[in-house]
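Me: Hey, I've got a structure open and I'd like to talk it through. Can you help me read it?

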Amino acid sequence: MVNIFPEGDLIKTPAGFWRRLAAGMLDFMLCLGLYALLYVGTVEYLNELLFDLYWQVIPGSFIFLFLYGLFLEILPMRTTIGKSIFRTRVYDRNGNPTGLVPVILRNLAKLLTLLTAGIGFLLCVFRKDQLTLHDILSG
């Protein structure tokens, strides 16, 4: 992930921890809300009220988040809604646009990072190059 100046100019340096955290939280909340609305709408349509937050909505929202990030980071803008608001885009380490395989690996590695209670995100605080676990694993 790299920074973007307010004027739109690209700075090919990794985004810092707070910018990544804010963009990620915004994307997560957006996906959780959209998925919950879709889920509740589907359940209500089927006339079954089996709303289970921990076993249906939250796991489904992680899958939804994976597909959301995968789809939007493959597009030419290489950014999600949260990343766009916080002015970051996804590039490889050389500053080139990422391909399909690195984007898939990156989003799978993000799920792995979330399973480690977010420790992989903290790597960018301690590393000089500000890369997170999913950046490192995706190449």
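Me: How many nonpolar, polar and charged residues are in the lining of the largest pocket?
Reply: The lining has 15 nonpolar, 7 polar and 4 charged residues. Here Ala, Val, Leu, Ile, Met, Phe, Trp, Tyr, Cys and Pro count as nonpolar, Asp, Glu, Lys and Arg as charged, and the others, Gly among them, as polar. Just so you know, this is a predicted model: local features need pLDDT of at least 70, side-chain atom pairs count only at pLDDT 80 or more, and totals for chains, interfaces and linings use all residues. Residues are numbered from 1 along each chain as its sequence is written, and side-chain values use heavy atoms, with hydrogens and water left out.

Me: Which element gives the largest share of that lining?
Reply: H1 does, with 8 residues. That's helix H1 (17-45); helices (H or I, at least four residues) and strands (E, at least two) are DSSP runs, numbered from the N terminus.

Me: Switching topic: where is Lys110 found?
Reply: Lys110 sits in helix H4, residues 100-115.

Me: Is Lys110 buried or exposed?
Reply: Lys110 is buried, because its relative accessible area is 18% and buried means under 20%, with exposed over 50% and partly exposed in between (1.4 Å probe, protein chains only).

Me: And what is Lys110 in contact with?
Reply: Leaving aside neighbours within four places in sequence, Lys110 is in contact with Glu73, Lys83 and His134. Contact means heavy atoms within 4.5 Å.

Me: Last one: how many helices and strands are in the chain?
Reply: There are 6 helices and 3 strands, and along the sequence they follow the pattern β-β-α-α-α-β-α-α-α.
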